[in-house]
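Hi,

Here's the structure I promised to pass on. Have a look, and my notes follow below.

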Amino acid sequence: MADDTLIAVKEAIASTAKVDEAKRRAMAERATSDPEGFWREEMRRVAWMREPTKIKNTSFEGDVSIKWFEDGELNASVSCLDRHIEAGRGDQVSILWEGDDPNSDSRTTYRELHARVCRLANAMRRLGVRKGDRVCIYLPMIVEAAVAMLACARIGAVHSIVFGGFSPDSLASRIQDSECTLLITADEGRRGGRKVPLKTNADEALKTCPSIRHVIVAKNTGTAVAMQEGRDLDWAALCDREAEICEPERMNAEDPLFILYTSGSTGKPKGVLHTTGGYMVWASFTHDLVFDYRPGEIYWCTADVGWVTGHTYIVYGPLANGATTLMFEGVPSWPDSGRFWQVVDKHGVNIFYTAPTAIRALMRDGEEPVKKHKRSSLRVLGSVGEPINPEAWLWYYRVVGDERCPVVDTWWQTETGGILISPLPGAVAQKPGSATLPLPGVQPALVDGDGKLLEGAAEGNLVITDSWPGQMRTVYGDHARFVQTYFSTFKGMYFTGDGARRDADGYYWITGRVDDVINVAGHRMGTAEVESALVAHPKVAEAAVVGMPHDLKGQGIYCYVTLVAGEEPTEALRKELVAWVRKEIGPIATPDAIQWAPGLPKTRSGKIMRRILRKIAANETDSLGDTSTLADPAVVEELVENRVGR
Ligand code: PRX
């Protein structure tokens, strides 16, 4: 796709948008030239108990310290609930829930959500949960997930959500790392007509989690689950006796709001820590600007609350802005591939935000399942999680949006708290496949391998040169890892781990990760995690994992496995290893290809040359590059010959 495919902002959209091109420019200029003044105004989007006088105090040098609004006090749940009720919007629907089963849905008003949050918050306090304590949430996409998050926020407990698709082992290691004292889960989840055994998984995980004192179990499918006397408590029975009013904890702007584990290039997933003030301002600011949200609209983000997108754009952003946020328990393909559009028509969805992997999967089924539904309520379409290929972008724009709706391709990360690079619907002309321009207050740059800033049209490593309020503050329990991971590659800059190209118009085109992180169907994974799962199998001596191009998932998981001497590489063992990785990490880590590797390409110092393994997995074997530094070049020939064809 040529860079010059420019889809101009339609006049009708520009003239009604909150932010048009001139306003966007003015905001961007002000945010850069006078960040203090800019954020002093923008911070008023959230409800402060004590308004900050200090705005920005950040340094990317040395020990790295990031503080925003540091003498302010607030409670995130008040911004999301109380103030909307006080403003007379208590009867508006806050969460519009659509079940996996197309016949089940529910509406929770702001007043009802407030009451449910307060009851649970009171119950948690009664169980001894205090400000600063960590609470693990392992729930499906049910209203209780948002209630649990906000109840934690209410009492100052730090939530750590673990995606319901993660295995007991993955759940356990996250609980252990942050020493959670309470786990909130459900009997079972539902997805695409199938059940997910959450409580059974939790019981398995808790065998190795001595820090957990109580487990609150929400009834969802109603199936009978084991309840351990003294530890496990039924959500409804517990909350029924609690009051609907709960005094919110006064939180400093820099007190933690949540931890969310995410994968990096090395080691175990790290606990990304976000604090209260800056994160809430960023969530509200970006949700408002990027989606041009208007009161009364129905807004739907199809992510799961287990990922950052669900945190910021299902719960905190939309609720801070008093929106009606649709929460969907199901999947795009069940009962059929028209499900998204059926839900759009059923609820009159105006803003729709999903992932490229879903768009590509639906595209495969053709236009008919889309065209069967009217979709006339749609106004803005969004994309997130991975690069969107121009073909999928155009399909989304033409077929789903009937060329009426701007597409906002939003680039950001768990670490950034919210969107950093994206078009604004009424202000930025679009180019299919480009995340376009930074939001006001965001200063991206490209650097070469030596950290030299690249000017004009260029391609390089994507860095951010100054702080924004929603930035992560540290890796939970390991500040040195935070500094090392994000600020040591290029001194004085936040390194995103992504590569990008900037065209002559200053538009950014994200090219994908430049580290050992892969993006499988929008799910972020460290190749090191899959490798350590593989080598934990008694028959595996060594493993190297890389991403490979995948039509639907963006990237697939390609594993090179060396067996211990004497083990036979059989089809049965291959299947066993696939099942093993699923069990160790979860179904999202299911290997797409396993190649038996009698040897791996290593340098003379023993370092695996992943560049070569990536090329083989991608079937780009005629451009392997320099292999002269290999200890044993013959290894490569063997691997090329026995590449797993797709
Ligand atoms: O590689 C980028 C890709 O997803 C990574 C962040 O993953 P995660 O922390 O799980 O957050 C996903 C949801 C924000 C990034 O480093 N990514 C995310 N959005 C885009 C993207 N790549 C290209 N275009 C995007 N719009």
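How far from a nitrogen atom of the ligand does a backbone N or O atom of Pro387 lie? The distance is 3.3 Å, which falls under polar contacts (pairs of N or O atoms within 3.5 Å). A polar backbone atom of Gly385 is 3.1 Å from a ligand nitrogen, and a side-chain N or O atom of Asn519 sits 3.4 Å from a ligand oxygen. The protein covers 95% of the 530 Å² of accessible area that the ligand has on its own (Shrake-Rupley, 1.4 Å probe).

Before you read on: this is a predicted model, with local features needing pLDDT of at least 70, side-chain atom pairs 80 or more, and totals for chains, interfaces and linings using all residues. Numbering runs from 1 along each chain as its sequence is written, and side-chain values use heavy atoms, without hydrogens or water.

On to the rings. The structure has 35 aromatic pairs (Phe, Tyr or Trp six-membered ring centres within 6.5 Å; planes under 30 degrees apart are stacked, over 60 edge-to-face, the rest tilted). One of them is the tilted pair Phe60 and Phe487, at 5.0 Å centre to centre and 55 degrees between planes. Those two are 427 residues apart, with Phe487 in helix α16 (residues 479–487) (helices are DSSP H or I runs of at least four residues). Both Phe60 and Phe487 are buried (under 20% relative accessible area, 1.4 Å probe, protein chains only).

Lastly, Arg174 lies over the face of Phe166, 4.3 Å from the ring centre (the cut-offs being CZ of Arg within 6 Å of the centre and within 35 degrees of the ring normal).

Cheers

Conventions: A polar contact is a pair of N or O atoms within 3.5 Å; within protein, one must be able to donate a hydrogen and the other to accept it, and residues adjacent in sequence count only if both atoms are side-chain atoms. Buried means under 20% relative accessible area, exposed over 50%, partly exposed in between (1.4 Å probe, protein chains only).
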